[in-house]
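Welcome! Please have a look at the sequence and the structure before reading on.

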Amino acid sequence: MTILCVRFQLPPTREAALPELLGLLEEFTPVVEALPPDRALADLRGAERYFKRDAVELASVIRVRALALHGVDCAIGAGPGPMLARMALKDARPGVTRSVPEDAAADFLAGRPVAALPGVGAATARTLCEYGLDTLGRVAAAPLSTLQRLVGAKTGRELHERANGVDRGRVVPNGVSRSLATERPFNRDELDPDRHRRALLSAAEELGSRLRALDKVCRTLSLTVRYADRTATTRSRTLGEPTAHSAALTRAAYGMYEALGLQRARVRSVSLRAEGLDPAEQASHQLTFDPTDDKLRRIEEAADRARARFGPLAVLPATLAA
């Protein structure tokens with residue numbers, strides 16, 4: 001086991017701490033891949049030799065340092081490759097490392113549904129299940145030629161390898177992503193446009209709060225609407241000026257939603273993504289004489305202070321719906 005997948009237990013208001021936590025991992029290995037908002041992959045092959053400890057022992061040290069230096073607990077999955085480490089993380093909990101040895105990978109995967117395998121989408125899973133290949137164990141036992149006839153030559157070969165525990169992925173060092181996203185799923189397929197708009201208001205307010213906590217502004221906002229039939233529509237809009245202002249993000253989200261012209265659409269979820277992030281100090285702000293805008297910005301500042309002191313639920317999104 002040489003790869004760790006670490007999920008830091010970060011509340012939304014502390015997402016700014018992720019670069020520091022990545023720096024903690026880089027004290028053990030330079031091969032660290034950020035998975036914002038709260039995860040990272042770390043390749044410890046060199047660290048195991050240098051520190052003369054295996055990945056699970058190093059995971060314990062990482063956890064202790066994260067708690068001692070940053071007050072952040074973490075859940076960790078360990079495996080021989082990135083795919084297995086990610087899947088192991090789903091079974092992990094804070095304080096315990098879930099490890100998958102290479103010789104136990106096939107047994108670890110066998111009883112899991114085929115949709116649990118990274119890269120297997122809903123359509124592929126549905127096709128496999130129609131032919132009785134509903135678990136990874138059955139997929140692993142199926143002839144390669146059968147899988148290739150069902151899902152294509154390349155996909156079938158990759159699926160056969162992964163179901164048998166062959167993980168050819170690698171950790172690609174990178175920086176923190178220049179985007180932030182949030183999703184609002186509905187308890188049931190939602191027809192009411194007012195509920196759609198309330199979900200967008202909540203998502204835009206969260207994005208604005210997170211951007212301000214990071215001292216960032218975004219230049220582009222994307223809206224994705226997922227429907228009951230598993231299809232989705234995505235629209236993007238370049239903002240008039242880079243902003244972290246929740247009201248501006250809400251207006252842009254509402255504009256994209258209205259442009260879709262949804263007529264009694266059964267919506268499963270809505271999500272917003274802020275893209276093109278830049279430091280707030282480098283952004284210019286168009287002055288306005290609108291007292292309503294100034295009032296909303298003062299309310300935002302007060303709400304951010306309340307969240308920093310009392311937690312992310314201290315202020316309801318509706319507070320900014322004026």
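Leaving aside residues up to four places away in sequence, Thr-224 touches Ala-232, Thr-233, Thr-234, Ser-269, Val-270 and Ser-271. Please keep in mind that this is a predicted model.

- Thr-224 is part of strand β7, which covers residues 216–227.
- Is Thr-224 buried or exposed? Its relative accessibility is 13%, and buried means under 20%, so Thr-224 counts as buried.
- The side chain of Thr-224 also makes a polar contact of 3.1 Å with the side chain of Thr-234.

**Strand β7 and its partners**

- How many of the 12 residues of β7 are buried? The count is 9, so the strand is largely enclosed by the rest of the structure.
- Strand β8, residues 232–243, runs antiparallel to β7 and is joined to it by 8 bridges.
- Within this pairing, Thr-220 faces Thr-238 of β8.
- The hairpin of β7 and β8 has 4 residues between the strands, and Arg-230 there adopts a positive phi near 75°.
- Strand β9, residues 267–275, is likewise antiparallel to β7, with 8 bridges joining the two.
- Here Val-225 stands opposite Val-270 in β9.
- Strand β10, residues 278–279, is joined to β7 by 2 bridges, again in an antiparallel arrangement.
- Which residue of β10 is the bridge partner of Val-217? That partner is Asp-278.

- Helix α10 spans residues 193–213, which makes 21 residues.
- From its first C-alpha to its last, α10 reaches 30 Å, close to the 30 Å expected at 1.5 Å a residue.
- Helix α10 is mostly covered, with 15 of its 21 residues buried.
- At the start of α10, a side-chain oxygen of Asp-192 comes to within 2.9 Å of the backbone nitrogen of Asp-194.
- After α10 comes Asp-215, which has a positive phi near 55°.

**An open sheet of five strands**

- Another part of the protein to look for is an open sheet of 5 strands, in the order β2-β3-β1-β4-β5, with mixed pairing.
- Which strands sit at the edges of this sheet? They are β2 (32–35) and β5 (97–99), each of which pairs on one side only.
- From one strand to the next, the twist averages 15°.
- Strands β1 (residues 3–8) and β4 (residues 74–79) run antiparallel and are joined by 6 bridges.
- In that pairing, Cys-5 has Gly-77 of β4 as its bridge partner.
- Helix α4, residues 82–89, packs on the sheet and touches β1, β2, β3 (39–43), β4 and β5.
- The direction of α4 makes about 140° with that of β4.

**Two loop residues with positive phi**

- Lys-52 is not a glycine, yet its phi is positive, at about 55°.
- Where is Lys-52 found? Look in the loop between α2 (45–51) and α3 (55–70).
- Lys-52 has 73% relative accessibility, and exposed means over 50%, so Lys-52 counts as exposed.
- Asp-215, which is also a residue other than glycine, has a positive phi near 55°.
- The loop that holds Asp-215 lies between α10 and β7.
- Asp-215 is exposed because its relative accessible area is 53%, and the cut-off for exposed is over 50%.

**The protein as a whole**

- The secondary structure of the protein amounts to 12 helices and 10 strands.
- The protein has 322 residues, and 44% of them count as buried.
- Among contacts with a separation of 6 or more, 66% are between residues 24 or more positions apart.
- The accessible surface of the protein is about 16,900 Å², and 49% of that belongs to carbon and sulfur atoms.

Notes:
Residues are numbered from 1 along each chain as its sequence is written. This is a predicted model: local features need pLDDT of at least 70, side-chain atom pairs count only at pLDDT 80 or more; totals for chains, interfaces and linings use all residues. Side-chain values use heavy atoms; hydrogens and water are left out. Buried means under 20% relative accessible area, exposed over 50%, partly exposed in between (1.4 Å probe, protein chains only). Contact means heavy atoms within 4.5 Å. Accessible areas come from the Shrake-Rupley method with a 1.4 Å probe; for residues, only the protein chains shown count as cover. A polar contact is a pair of N or O atoms within 3.5 Å; within protein, one must be able to donate a hydrogen and the other to accept it, and residues adjacent in sequence count only if both atoms are side-chain atoms. Two strands pair if DSSP finds at least two bridges between them. Axes are lines fitted to C-alpha atoms, for helices over the stretch in contact, and angles run from 0 to 180 degrees between N-to-C directions. The expected span of a helix is 1.5 Å times one less than its number of residues.
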